[in-house]
Every structure is written in C-alpha cells, then in structure tokens.
Amino acid sequence: MGYPTLKNSGGKRIYAENSLEALTLRFIRERCENLRFDDKKSACEKPEEKTFLGSSIKANQIPYDMQMDIDRLCLENAVERFLKSGKKEDAFDVYFCYLEMFVGDYDKTRRMIELLSEFEANGSGLLMKHRDHYSHSVYVFALGLAIYESNAIYRDAYQKKYNLTDEHQAACHYLEYWGLASLFHDIGYPFELPFEQVASYFEVDGDRRESRPFIAYQALESYISIEKSITPRLKEIFSGREFTTTNELFACVLAKKLGEVYGCDENQLLGYLTDKPTQPDAFNYFMDHAYFSATVLFRKLFEEMECKLVTEHLDALTAILMHNSLYKFCIANPTMDPERPGMHVWYKGEGNIPFRAEVHPLAYMLMLCDELQCWDRTAYGRNSKKELHPMGCTFDFSGNAIKAIYLFDEKEISKVNQFKDAYIEWLSERKGKAPGLKAYSGMYIKNGNGVSGFQEDIERIVDLTAIKLRVEVGLSDNVRKGRQTYLSDSNFLNLYRFALILNGRWSSGDAWKKAKDAGQEDRFLADQSVIRSFEDSFKNLSLEYKLSNINQAKAFAKYMNEIGCFYTDKPVDFELVDKFTEEDLLKIGLLEHQRWLQEHVDMGWIYGTPDGADRERLRQHKDMIPGFDGAQADVSLEQAKENYERLDKAEQDKDTEPMECMLAMLKVFDGLRIYRL
C-alpha cells in the first residue's frame with residue numbers, strides 16, 4: 001500500500017482463497033494500489049514544511065496521495081461490510097464511496113439513488129413478480145471485480161479493447177467504468193414499475209398481456225435531447241458528427257460495436273430505441289428499465305453535473321442499455337422473426353449468437369453478473385414472495401472458471417422434497433407440464449449434458465466457451481448467520497442527511513448545545529440556514545469522515561435494539577420515548593465506542609498522542625486502545641469497555657450526545673417516533 005500507516009488497517013478477515021469476498025477485496029487493495037494518485041500535486045507539496053494538499057477532517061492536513069489511499073481503503077471496507085451483511089444500508093456506503101471518488105458530490109446524485117430504493121420498497125408490493133435491485137446492483141459490482149481479479153482471459157480481452165498495457169492502469173480503469181455500469185444499471189426501474197403495476201392490476205391466470213390495458217411514455221424529448229454544450233465534445237469523439245438525441249448517439253455506438261457480428265445497422269437500432277418507451281406492444285408488452293437507466297444517467301452526468309465525457313462513459317452507458325431486453329430480444333439473434341416485422345428472433349431461438357467479451361467487455365460482464373446475481377434479493381412481488389429463491393451463494397473462481405453453489409434455506413426442505421417427489425413421478429410418465437419450484441427447479445433440473453436450465457440460459461446470453469461456468473444447488477441453515485436485523489425501520493433512506501447533522505453539531509459551536517438545553521432541538525433543526533451551514537461543513541470533510549458520520553447514523557437501529565426500543569413511522573401502541581435514561585445512555589455509549597474503535601482499526605488508526613494536524617497524518621488517536629494488536633481483526637466488547645472506562649467524562653459524552661441528537665432528527669426529517677417495548 002502507498003502509505004505505511006495504512007498497513008495498520010486491522011488484521012483482515014480470512015476468506016476462502018478464490019471466494020467472492022477474497023477476490024473482490026484483493027482487487028481493490030492490491031490490484032488498484034495507488035488509485036487516483038497525482039504526481040503533479042505531490043510535487044507541489046513540501047513535507048518538511050508540513051504543506052500538504054490532502055484533506056482529512058480539515059483541508060491541507062495530509063499528503064494528497066495519502067488521502068487517495070485512504071479513499072481507496074474506505075471503498076474496500078464499505079464493500080466488505082456489504083458482502084458481510086447484504087443490507088441496503090451498507091449498499092448505500094458503496095454507492096457513496098464510488099460517487100465521491102469517481103463522479104462528484106453525492107448530494108447531486110442522491111435523489112437518483114435513493115429514488116430507486118424508496119420507489120422499489122414502497123411500490124413493488126403491487127406487482128406479481130419483483131425483487132430487489134438496489135443491493136442487487138452492489139452484488140453485481142462485487143462479482144465483476146472478483147471475476148476480473150481471477151480471470152486472465154477476461155483481463156486480457158479488456159486490456160486489448162482499451163489498449164492498456166499496464167496492469168495497474170487497466171485495473172483502475174476497469175474499477176471506474178465497471179463501477180458506473182454495474183452500480184447504475186437498474187436506476188431506470190422507477191419507469192418500469194408503474195408499467196408493471198398496471199399490468200398486474202389487470203392480470204388474470206391464463207390471460208395474455210395484449211388483451212389488457214398498458215401504459216406507454218410520451219413527451220420524452222426533454223430526456224433524450226442532447227444539450228448544445230455537449231455537442232463539441234461529441235464532435236471530437238465522432239469526427240465532427242452531430243447528434244440531437246441520446247437515441248441517435250446510442251444507436252451509433254452500438255452499430256459500430258455490434259454490426260459486424262450481429263448484422264444490425266444504425267437505423268434499425270435507432271428504431272428499437274425510439275419505440276421501446278413509446279410502443280411497448282411492439283416488444284411483447286414489456287417496458288425496458290435499461291433504456292431509461294442509460295438515458296437518465298447520460299443526462300445526470302453530462303448535463304446536470306457537467307462531467308467530462310469520454311468514450312468509456314459511452315461504453316458503460318451502452319452496456320447498461322443492453323443488459324435487459326434490447327440485447328436478448330432485438331440483437332442476439334440475427335434471424336428475423338416472420339411474426340414480428342423488423343424484429344429478430346429472440347435469444348433462445350435457433351441462430352442465437354452468445355455475446356463475446358472482446359466485442360464489448362463492459363456489456364459482457366454486466367450481462368453475465370446480472371444473471372449470476374440472483375441470491376439474497378428481497379422479494380416484493382406477490383408471486384415472488386411465494387417462490388423459493390437462493391439465500392446465498394458460494395463461489396470458486398479458480399482456473400479461469402466460475403463455480404457457483406446457490407444455497408437455499410434448509411428450513412424449506414419440505415417444499416424441496418415435495419417438488420422432487422413430484423418431479424420424479426412426472427419423469428416416469430412425462431404427462432402434462434413438468435412440476436417446478438422457482439428458482440430452485442431451474443438450477444436443480446439438468447439436461448442430458450448435465451447443465452441446468454439456469455446455466456443454459458446464461459450460456460445463450462454470453463459466450464462461456466473459454467470461461468467455464470458450473471452451477472450447483474445446496475441447502476444451508478446459516479447463510480444469514482451474523483446478519484443482524486432490528487425492529488427499527490425507516491422507509492426513507494435518509495442516512496446522508498442524518499450524517500451531515502451529526503457532523504454539524506460540532507461545527508455549530510454552542511448553538512446546538514443551547515438549543516438542546518432549552519429543549520428546542522426541533523426548532524433548531526428546522527432552520528434552513530442552519531441546515532445549509534451543516535451541508536457546507538459536511539462537504540468539506542474527507543470521504544473517511546463523511547462515512548464515519550454515516551455509519552454512526554446507521555448504528556442507531558442496533559443501539560435501540562440493545563435498550564429495548566425501536567423506531568417506526570407506523571402508529572403503534574407502545575410507550576413513546578422522548579429522552580433516554582442514564583442506563584440507556586451508558587449502554588449506547590459503550591456500543592458506540594466499540595463501533596468507533598472498530599471503524600478506526602479498520603482504517604489503520606493506532607493509539608498515540610500527537611499534537612494538532614499531526615494526528616491525521618500519523619493516524620494516531622489518544623482514544624484508541626493502548627497496545628492494541630493491529631493483527632486483530634475485531635475489537636471485542638470487553639476491550640471496548642475497558643478502554644471506555646479509562647476515558648474522561650468529556651470523551652465519553654462524545655459517544656452518547658450524537659444518539660440524543662438522533663431523537664430530534666428522526667422526528668424532524670423522517671416522521672419517525674421512538675417507542676419502548
């Protein structure tokens with residue numbers, strides 16, 4: 001790692017050598033070492049005078065490259081937390097890190113990210129079939145990193161496509177553009193969900209969609225038109241050619257990449273893109289969220305945020321565009337469908353050409369990982385809740401291959417056995433439709449070549465002749481072991497706002513304390529000028545300190561559980577809590593100190609008593625555990641308690657005061673109340 005102090009970042013947890021966790025974290029830690037370093041900025045610094053360009057808790061406290069190293073460690077730790085929990089709150093951290101590192105201020109993109117989570121959680125219960133796409137996207141991101149790390153065949157295809165000869169440069173390049181494609185490939189779902197809600201409302205068993213009402217989108221000009229400010233950059237990339245809409249732009253990019261293999265020309269592709277949102281009846285009565293994901297993301301990045309457009313951005317966007325129905329039903333099979341003029345035979349028909357990595361590496365990886373990632377996804381749809389989906393998955397990526405064992409809940413063994421008995425009975429007579437148990441049966445039943453329908457489907461989408469895939473099923477009783485869930489629940493993903501308020505208390509001087517003493521926290525937090533000052537203060541923090549405040553806010557649900565309380569936006573008949581008891585605060589303080597210690601250990605901090613800004617550069621803090629063995633991965637509650645008791649009252653209060661602030665914030669910003677069981 002670039003800075004020796006960061007080698008203190010805890011004794012890393014032990015994972016199986018070729019597992020998803022080990023390979024994903026190794027990619028970030030080792031293959032992307034020195035990520036985003038800047039020789040020019042480093043040359044301007046004067047270490048002997050302690051003149052630096054990097055930010056920590058304040059600006060110009062540490063070397064610039066050290067800040068970049070810490071940012072990379074933030075991403076690594078965020079991914080590890082998510083892979084351990086699978087929770088949307090931890091998925092939030094990964095999105096936050098990526099946006100801060102590669103795109104810009106999270107505040108400018110937060111509505112887009114939070115909208116997907118909120119719309120999905122609240123609106124999907126009206127559908128017949130639907131499962132989570134928020135945490136799913138972060139799993140897809142991790143899968144793509146693990147495959148890149150383990151698979152020399154894919155790495156070679158990626159490096160050749162982008163003419164990258166340096167492996168470190170290629171890895172950093174892949175992290176940025178794969179992150180864009182994977183994390184944002186489903187942000188267009190808020191456009192597909194209303195379409196499916198209408199279809200589900202009229203759905204009758206045995207009925208066909210063409211006999212039901214459906215919705216289509218009109219007045220899309222403002223979304224697909226390209227602003228004149230972007231035209232000069234597109235002219236540079238496309239040798240003077242002008243585009244008026246994203247439909248035209250995407251059709252051009254795809255035709256250049258796919259025309260030779262799939263025989264699709266630009267006009268044909270433009271027709272598909274023009275008709276997809278406006279004529280879903282031409283596409284078997286389905287709305288394609290991928291179209292909206294790519295379209296909205298283009299507008300957000302290059303018109304609203306004014307990011308500098310490069311060709312790799314267009315590759316990420318067209319990968320998103322193809323990952324759902326456009327490729328499978330309009331491109332994958334050059335054979336024309338006699339029943340649908342102008343449309344291709346779908347990807348399961350004769351003549352299908354599986355997609356190769358060298359044609360479009362980002363699209364290849366997105367289609368592969370999107371299919372593989374079907375475990376640990378919250379079921380929202382009415383039928384989806386009744387189906388048997390895998391709870392977890394263990395991977396072995398050794399030998400340039402992928403072995404996936406999808407794990408189902410052992411408690412569902414009676415349902416599994418019932419299906420197996422029915423299937424064995426059907427095999428003896430083969431009358432009528434074969435029994436099924438989605439998604440278990442699709443992975444369990446094998447054809448004559450020993451390949452399941454689930455695997456066969458993936459092999460029809462992407463070419464796996466060089467990268468071998470093997471899919472198995474298993475039962476497990478401990479897939480979710482250690483994944484704590486709590487009664488406290490908020491339907492709005494408000495972590496960002498909570499975090500900036502928690503931080504803002506420190507920058508407000510005595511104002512917060514005076515409001516608290518007067519019992520006027522609500523009024524204080526309702527003052528928009530106060531909130532704006534808090535926002536400014538938060539934006540000046542480094543990524544490490546922003547995440548620290550976010551994780552402090554996330555921990556509140558756990559602390560409520562420990563003191564026999566919970567928060568909810570539902571009216572319930574329990575005792576309302578408007579303040580914590582001394583006993584409550586003691587428990588909360590100890591748990592918060594343990595969280596703070598663990599967070600700092602993972603980020604490479606050790607005990608020390610340096611003065612002023614040297615603390616940030618040396619990564620030593622007086623509240624850490626003296627003599628703590630950096631090789632240990634986890635700080636125990638006993639160790640935290642012993643260290644907590646040595647701190648003076650003022651330091652201990654730093655662990656409890658933020659939690660009291662949460663009482664006011666929950667009421668003001670989330671419409672929540674805290675109750676005691």
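Buried here means under 20% relative accessible area. Keep that cut-off in mind for this tour of a predicted model.

**Whole chain**

Start with everything shown as cartoon. The chain has 30 helices and eight strands. Of its 677 residues, 56% count as buried. Contacts across the sequence come next: among those with a separation of 6 or more, 72% link residues 24 or more positions apart.

Now colour by pLDDT. The chain mean is 87, and 90% of the residues reach 70 or more. Select residues 380-384. Here pLDDT stays under 50, although the model has 26 contacts for this stretch beyond four places in sequence. Where pLDDT is low, the predicted coordinates should not be read in detail.

Select residues 64-85, which form helix H3, and show the side chains of Arg 72 and Glu 76. The two residues sit four apart, about one turn of the helix. A salt bridge joins their side chains, at 3.3 Å from N to O. Are these two residues buried or exposed? Both Arg 72 and Glu 76 are buried.

Move to residues 289-304, helix H14. Check accessibility for each partner. Arg 299 has a relative accessibility of 23%, so it counts as partly exposed. Glu 303 is buried, with a relative accessible area of 8%.

**Helix H30: Lys 654 and Glu 651**

Next, select residues 649-670, helix H30. Show Lys 654 and Glu 651. Their side chains meet in a salt bridge of 3.1 Å, N to O. Because they are three residues apart in H30, about one helical turn separates them. Lys 654 is partly exposed at 38% relative accessible area. Glu 651 comes out at 11% relative accessibility and therefore counts as buried.

For a linked set, select Arg 26, Arg 31, Glu 149 and Glu 167. Salt bridges with shared partners join these four into one network. The count of salt bridges comes to 38.

**Asp 655: buried, with no salt bridge**

Stay on helix H30 and pick Asp 655. Which side chain of opposite charge is nearest to Asp 655? That is Arg 595, at 6.7 Å. A salt bridge requires a side-chain nitrogen of Lys or Arg within 4 Å of a carboxyl oxygen, so that distance rules one out. Asp 655 is thus a buried residue without a salt bridge.

Now show His 593. Its side chain makes a polar contact of 3.5 Å with the side chain of Asp 655.

Jump to residues 495-507, helix H21, and select Leu 502. Leu 502 counts as buried because its relative accessibility is 0%.

Then show what touches Leu 502. Beyond four places in sequence, the contacts include Asn 549, Gln 552 and Ala 553. Pro 658, Cys 661, Met 662 and Met 665 are also on the list.

**The three-stranded sheet**

Finish with the strands. Select S4, S8 and S5. They make an open sheet in the order S4-S8-S5, with antiparallel pairing. Strands S4 (565-568) and S5 (575-576) are the edges; each has a single partner strand, so one side of each lacks a neighbour in the sheet.

Zoom in on S4 and S8 (residues 673-676). Their antiparallel pairing runs over four bridges. Which residue of S8 is the bridge partner of Tyr 567? Select Ile 674 to see it.

Terms used: Residues are numbered from 1 along each chain as its sequence is written. This is a predicted model: local features need pLDDT of at least 70, side-chain atom pairs count only at pLDDT 80 or more; totals for chains, interfaces and linings use all residues. Side-chain values use heavy atoms; hydrogens and water are left out. Buried means under 20% relative accessible area, exposed over 50%, partly exposed in between (1.4 Å probe, protein chains only). Lys and Arg count as positive and Asp and Glu as negative; His and the chain ends are not counted. A polar contact is a pair of N or O atoms within 3.5 Å; within protein, one must be able to donate a hydrogen and the other to accept it, and residues adjacent in sequence count only if both atoms are side-chain atoms. pLDDT is the predictor's confidence in each residue, from 0 to 100. Contact means heavy atoms within 4.5 Å. Two strands pair if DSSP finds at least two bridges between them.
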